Amino acid sequence: MIELKINNKSIQAEEGTTILKAAESLGIEIPNMCFMERYSNHPSCMICVVKDQNTRKLLPSCAMPVMNGMNIITEDEEIIEARKDTLELLLSDHVGDCEAPCKLSCPAHMDIPLMNRLIMEGSHQEALQVVKEDIALPLILGYICTAPCEHACHRKQVDDAVSICQLKKFVAKFDLDSKKIYFPEKNTPSNKKAAVIGSGPTALSAAFYLTRFGHEVMIFDKHAEAGGSLIKAVHDHTLPVEALYSEIDYLKDFGLKVQLNKHVKQEAFNDLKKDFHAILLATGSENSNQFSINQFDKQTYTTNLEGVFAAGSIVRKEKMAIRCVAQGKEAARSINEFLNGKSFTNKEKRFNSKFGKLLASEFDEYLKESTRDDRYTPENGKIGLFNMDDAIAEAKRCMHCDCRDRLNCDLRNYSEQYKASQKKYLFGKRNEIKKNIQHEFVIYETEKCIRCGLCIDITTKDKEHTGLTFIGRGFDVRMQVPFNYPMSKALTKTEKKCVEACPTGALAFK
Ligand code: SF4
Ligand code: SF4
Ligand code: SF4
């Protein structure tokens, strides 16, 4: 037996045990991407480095066997820096988008590719559910959103952007016209009351999510009609009044209450503070000076008054309705945490690998996952509505630019954990994206491969006929099928194992 210390804990381990395994038996987790039990391990990713305090040397724990007297530490500043550096090197020639550019450009971060996939399959209500996770007023926005997502859409480079805004409008209308309208499940009633002052896009959005969180919500508006700045869109003939009414009615049916002709002045405001556990000021730009607010935190939407929050144009004039709707949602989250007695932790932004624009030579690679049809436009343009066939056909134009592994990718998770930057070692031209879709079930995206070798080990050990191999040298090494055989010959029985072992989205199920 070998005796050593890991993070100051003494341990005995059998000869030949790796430091990684020995640490694991002590409940100490060491990050790793290219290690898999019972397969030959050649340390390639080096994220598993640890330090032997005796020699001050960094060692790859997935391959280094334990030795008598070792005094290992698994984390300190130098180790963290080394891991971060390793990740940054890997990211420097990693070409992939974790999230699709459309989603990242939507101020509400709606999961657009997922919505499109569901529409494509004819699952329109499921598509609407995806939309409602992030956008409370999809029908209204379907008319008036300036669609920053479409400006960022990769398909725009090929021909025309996917008609995302119309697709969202289509699922919203489809649902409101259906026999069984979708209402999200509410959390258990909290017995907490929230007042929302104003009834424009920020207010309605916040009220929707607050109701969903299980709070009792009352909207107050001094006008005779609900809608705030949306009324102007009705007068401008960009938003049909029926669309506005139907979504306000939907919100009332969901459970929130609206009091119109109620001008909340300072005195009434003081009373509201007694009657409600939280107040959101979302009155738009017109009466921002009315309340005694002199401090505002744009991360948490809190103000200098305890339990009083502010969002939308009352804080800063917002031209885009979608920004107001997004802020309403975020403010609702903050208020919910406050009502639950927690301090609001604005979630840190996720790490996103991004490669920017498509190269002309990559259009065909991306079109492999979509149709080549021209963009569909409803009759009457922006004010019109898709019919079902055109909506499905338009959704099929989406090239699904998000990564299939975005929720499980080790490279993404560790890059986030170690705050790695993709730009640090970026230089020169990037590699061209290739999508190998020849296999019936598996897609291989070469530029997402981090050359861990796991798939190669699996196909070798499990005696695949051609298996997989590394081809090329240095930075240009790529995992490939030998002799240009098709992927279907390389993965005849190990595809599941290989996809599951792949630490990134390089090998994924279609
Ligand atoms: S493989 Fe991982 S890091 Fe790369 S694009 Fe996909 S999710 Fe992001
Ligand atoms: S093609 Fe689809 S996934 Fe890609 S950016 Fe456009 S809408 Fe988003
Ligand atoms: S494709 Fe193979 S070599 Fe490349 S990252 Fe995935 S498992 Fe590793």
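1. Burial first: in this predicted model, 45% of the chain's 510 residues count as buried. The C-alpha trace extends over about 80 × 55 × 40 Å along its principal axes. For contacts between residues at least 6 apart in sequence, 70% join residues at least 24 apart.

2. The assignment gives domain 1 as 2–75, domain 2 as 101–180 + 360–395, domain 3 as 193–339 and domain 4 as 429–509. Taken over C-alpha atoms, the centres of domain 1 and domain 3 lie 55 Å apart.

3. Now let us pick one helix, α10, which covers residues 201–212. Its twelve residues should span 16 Å at 1.5 Å a residue, and the end C-alpha atoms are 17 Å apart, so the two values agree. Just after α10, look for G214, which has a positive phi of about 95°.

4. Is α10 mostly covered or mostly open? It is mostly covered, with twelve of its twelve residues buried. Among them are P201, T202, L204 and F208, as well as R212 at the end of the list. An α-helix has 3.6 residues a turn, so residues three or four places apart point the same way. The partners are both strands and helices: the buried residues of α10 pack against β6 (193–197), β7 (216–220) and β9 (278–281), and also against α11 (230–235), α12 (241–254) and α14 (321–339).

5. Why does A203 count as buried? Because it has 31 C-beta neighbours inside 10 Å, where 20 or more are enough. Leaving aside residues up to four places away in sequence, A203 touches V196, G198, I219, G228, A282 and G328. A further pair to look up is A203 and A332: they are 129 residues apart along the chain, yet their C-alpha atoms are separated by 9.5 Å.

6. Finally, do visit two of the ligands. Ligand 1 is surrounded by 14 residues, and the closest are G96, C98, C403, C409 and G505. By class, that shell has four nonpolar, five polar and five charged residues.

7. Which residues come nearest to ligand 3? Of the 14 around it, they are C449, C452, C455, C502 and A506. The shell of ligand 3 has eleven nonpolar, two polar and one charged residues.

Methods:
Residues numbered from 1 in each chain as written. Chains lettered and ligands numbered in written order. Predicted model: local features only at pLDDT ≥ 70, side-chain atom pairs only at ≥ 80, totals over all residues. Helix = DSSP H or I, 4+ residues; strand = E, 2+ residues; numbered from the N terminus. Contact = placed C-beta atoms within 7 Å. Near = placed C-beta within 6 Å. Nonpolar A, V, L, I, M, F, W, Y, C, P; charged D, E, K, R; others polar. Domains from an automatic or database assignment. Expected span 1.5 Å × (residues − 1).
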